[in-house]
Amino acid sequence: MAAPTSTTPPNPSGPRKFLGRLSLPERTFVADALRTETVGGVLLLIAAITALIWANTGLSDSYASIRNFHLGPASLGLDLSVQHWAADGLLAVFFFVAGIELKRELVAGELRDPKAAALPVVAALSGMAMPALVYVLVNVLGGGSLGGWAVPTATDIAFALAVLAVIGTSLPSALRAFLLTLAVVDDLFAILIIAVFFTSDLDFLALGGAAVGLVVFWLLLRGRVRGWYIYVPLALVIWGLMYNSGVHATIAGVAMGLMLRCTRDENGDAHSPGERIEHLVRPLSAGIAVPLFALFSAGVTISGEAVGNVFTRPETLGVVLGLVVGKAVGIFGGTWLAARFTKAELNDDLAWPDVFAVASLAGIGFTVSLLIGELAFTGNAALTDEVKASVLIGSLIAAVISGILLKLRVRKYRSMVEDEERDDDHDGIPDVYELDQPEYHLRMAAIYEEKAAAHRKLAELAGASGGKGDGPA
């Protein structure tokens, strides 16, 4: 889901460019990832709307019955509600993909280069710290609970892309890559927050069993053992042990994703094992796991009183302001300061308001924010639902603001995207990546010579007709 924010070759005599043009392989990777995430984001949006309608109509009783229905082997400690299965089980698939993405960025992407990684990492950290700070300030001043400080820190990249699809705005690849990189670092720290702050009493026997399972998983990967029928059952065992250990079960998915090899062999394989598995699992995550989680988590009762409480209760107001104000200010401020200290110049085709618009778009926190909201206020169903409502409202406000800001520059973005995708020589490679290749210019010369010859022929035909025709005399 992530990609380098700038792969423009550095200019040894000048400052480094920020949000420069991506390399062709990274641009292709970003495009493929975005295609799946955008479709998944639209499904996520549909699932959230369905949940809200289901929970706020005469069918609300059936929604509650299905969401709270328990199934699973009690003897294994897995007699869970449908909602619980969605949050702990299906989201493990989402975090498995996140683990692969993070591993790829660390070993093959720009996150492996400290200098290149500094700016997006600082931006992402600022974009998580500022919302938490906003939440804490609101609740300290309002006398609320500080337990939800982590709720507004996450960005939902799929939902953000769905918003872009709905408003019909296509971002230049550099801005899309920047947004995706922010999401990867976001996921990393969301994982750490869940593991550190939302771990209940530990069962060391189960935790030890999960650790042994992960070692076996790693050894099988090291031995190049293949076969889904080996890894899937083992993954389920590791997940079950992790759940019973007291550590949030999604951590099992992250751990297994990080173990996959994301570098290519010297035998000429086009894709690493991690990339191949991510390509197979990403549609399952984006198209099934995350939408189902949204379906059984986003169904909160929305009324005039409930909406009023969102803007008056410190916990919920802190979430809304954290997403809308904290994210935008944190990401933009962190990016601007990092660029100043690293002397990185912004891409000439873009402006700082473009960065602020993307920062506002990152205020759409949905999947992980809902999950953390459930974990932060476990045992207080009423407050949990109000916090979920605040996540929905805050994300909606952020979507509207970012949509307006992005629409103001839509012509510029459309022009940049057209330039990035232009392929006048029809060789399958955008022309912008071939401008320094003599072969490209020779192909273009041949194309123009062929067109010129065709027009000369048409001119001769027009002259032979003596100017007769339907045109003006």
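**The requested close look**

Modeller: Ser-81 touches Arg-67, Asn-68, Phe-69 and His-70, where residues up to four places away in sequence are left out of the count and a contact means heavy atoms within 4.5 Å. This is a predicted model, in which local features need pLDDT of at least 70 and side-chain atom pairs count only at pLDDT 80 or more, while totals for chains, interfaces and linings use all residues. Residues are numbered from 1 along each chain as its sequence is written, and side-chain values use heavy atoms, with hydrogens and water left out.

Ser-81 belongs to strand 3, which covers residues 80–81; helices (H or I, at least four residues) and strands (E, at least two) are DSSP runs numbered from the N terminus. With a relative accessibility of 11%, Ser-81 counts as buried, the classes being buried under 20% relative accessible area, exposed over 50% and partly exposed in between, for a 1.4 Å probe and protein chains only.

The setting of this residue is a protein chain with 17 helices and 4 strands. Of its 473 residues, 49% are buried. The C-alpha atoms occupy a box of roughly 90 × 60 × 50 Å along the principal axes. Among contacts with a separation of 6 or more, 77% join residues 24 or more positions apart.

I turn next to helix packing. Two packed helices are described by the angle between their axes and by the distance between those axes. Helix 3, residues 82–107, packs against helix 6, residues 173–197, at about 125 degrees, and the two axes are 10 Å apart. Axes are lines fitted to C-alpha atoms, for helices over the stretch in contact, with angles from 0 to 180 degrees between N-to-C directions. Helix 3 and helix 6 are therefore oblique to each other; under 35 degrees counts as roughly parallel, over 145 as roughly antiparallel, 65 to 115 as roughly perpendicular and the rest as oblique. Helix 3 brings Phe-94, Phe-95, Ala-98, Glu-101 and Leu-102 to this contact, and helix 6 brings Val-184, Asp-187, Leu-188, Ile-191 and Ile-194. By class, the contact between helix 3 and helix 6 holds 8 nonpolar, no polar and 2 charged residues.

Further along, helix 12 (residues 314–342) and helix 13 (residues 352–361) meet at about 140 degrees, with axes 7 Å apart. Helix 12 and helix 13 are likewise described as oblique. On the side of helix 12, the contact involves Lys-327, Ala-328, Ile-331, Phe-332, Thr-335, Trp-336 and Ala-339, and on the side of helix 13 Trp-352, Val-355, Phe-356, Ala-359 and Ser-360. This contact of helix 12 with helix 13 comprises 9 nonpolar, 2 polar and 1 charged residues.

Helix 14, residues 367–376, is mostly covered, with 8 of its 10 residues buried. The buried positions of helix 14 are Thr-367, Val-368, Ser-369, Leu-370, Leu-371, Ile-372, Gly-373 and Glu-374.

Two loop residues complete the account. Arg-224 is not a glycine, yet it has a positive phi of about 60 degrees; Arg-224 lies in the loop between helix 7 (204–222) and helix 8 (228–245). His-426, also not a glycine, has a positive phi of about 55 degrees. The loop that holds His-426 runs between helix 16 (410–421) and helix 17 (438–464). His-426 is exposed, at 68% relative accessible area, whereas Ser-81 is buried.

Methods: Nonpolar A, V, L, I, M, F, W, Y, C, P; charged D, E, K, R; others polar.
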